[in-house]
Amino acid sequence: MRPRLLIRLYPSRWRRRYEDEFSALLEHEAWSARLVLDVAAGALAARLDPYPASPPEEPAMTSRRLDTAAAFAATLLVLPALVVLASSAVRLMQPVQYQPARAADEIFNWFVSLNAGPAVLVVGPIFALVVGTLVVWRRLTADADLRRDIGAFRAVSGRLLRRPALVAGVFAVLGSAAVLAFVVDHAIAG
Amino acid sequence: MPRHLSERGQPPEPGLLILTSLAGGPKHGYAMIEDIDRIARVRLGPGTLYGALARLEARGLIEPLPDEERRRPYQLTGLGREVLAEQLASFQRIAEAGMRRLAVV
């Protein structure tokens, strides 16, 4: 934790190049005021120095922005289908004279009147699936930090799930909180 | 002890210490710190070490090797070897002249 905080003092271009090896080195060092001062001075120097140079990062930045734009476009393509399906589900859960079933029914009927079912429910999601898969694949192959973060997340999740007391305890807390919130809400609403 | 005798002067420039350490073969950061501590009795902090490493790498005097479990070794380049030899020869001339004048040798 402490090395992570110290390393965050460095500029991002420096961290991209040296973070891994530098944090491995910091793990060997004893915690002291001298160490903190040394690293802080190093971080200040790194912010003033042009090394490592940042120009090689620009193509990567452009690629990342393209991926971001494509991912948002894919989300927009699948969003109408999600809204329609959610409306369809909500209008079936209540009589349509009550909210939110009433609004959901209006949305659903408006969608039916458009005659755009195939485009919204089939073509859009297929495009979104292809584009989303491509973006995720490109990000995973281009970004070593992301792969490492996913690996760390899987390792942490695996460790947590191997503790049945913790899993059952969290489930009990969240489940009981949800039930009590529901009961209180109905008691207040009468 | 008088203050002027207790002060041993400025430690050598970190870049020179790193080049000298790498002259003995490729090393990663921690191995460099230990080696420099042994040969020069100077313990470089991690921030100082990596500041100097970045500058030496940018000048083409050292180069990184593939990393080994998050520890990346560095080695001297041909240019780094030449520059180190020149600097050490220069220091040697100065040291010999100084020692002669002090009549230490």
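Which residue of chain B forms a salt bridge with R17(A)? Select R17(A) and E57(B): these two form the salt bridge, with the closest N and O atoms 3.0 Å apart. The term stands for a side-chain nitrogen of Lys or Arg within 4 Å of a carboxyl oxygen of Asp or Glu.

Before going on, some ground rules. This is a predicted model, where local features need pLDDT of at least 70, side-chain atom pairs count only at pLDDT 80 or more, and totals for chains, interfaces and linings use all residues. Residues are numbered from 1 along each chain as its sequence is written, chains are lettered from A and ligands numbered from 1 in the order in which they are written, and side-chain values use heavy atoms, with hydrogens and water left out.

**Stop 1: the interface.** Show both chains. The rule finds three salt bridges across the interface of chain B and chain A. It also finds eleven residue pairs in polar contact there, both residues at pLDDT 80 or more. A polar contact is a pair of N or O atoms within 3.5 Å; within protein, one must be able to donate a hydrogen and the other to accept it, and residues adjacent in sequence count only if both atoms are side-chain atoms.

Now select by contact (heavy atoms within 4.5 Å). You get 20 residues of chain B and 21 residues of chain A. The two chains bury about 1,800 Å² between them, 53% of it on carbon and sulfur atoms. Buried area is the accessible area (1.4 Å probe) that two parts lose on being put together, summed over both. Next, pick P46(B), Y50(B) and R70(B). They supply 39% of the area that chain B buries against chain A, more than any other three residues.

Stop 2: Chain B has five helices and two strands. Helices (H or I, at least four residues) and strands (E, at least two) are DSSP runs, numbered from the N terminus. Trace the chain and the pattern reads α-α-α-α-β-β-α. Of its 105 residues, 35% count as buried, that is, under 20% relative accessible area (1.4 Å probe, protein chains only).

**Stop 3: S23(A).** Bring chain A back and select helix α2, residues 12-26; S23(A) lies in it. Is S23(A) buried or exposed? S23(A) is buried, with a relative accessible area of 4%. The side chain of S23(A) reaches the backbone oxygen of D20(A) at 3.0 Å. Leaving out residues up to four places away in sequence, S23(A) touches I7(A) and R70(B).

Key. Buried < 20%, exposed > 50% of the residue type's maximum accessible area, 1.4 Å probe, protein only.
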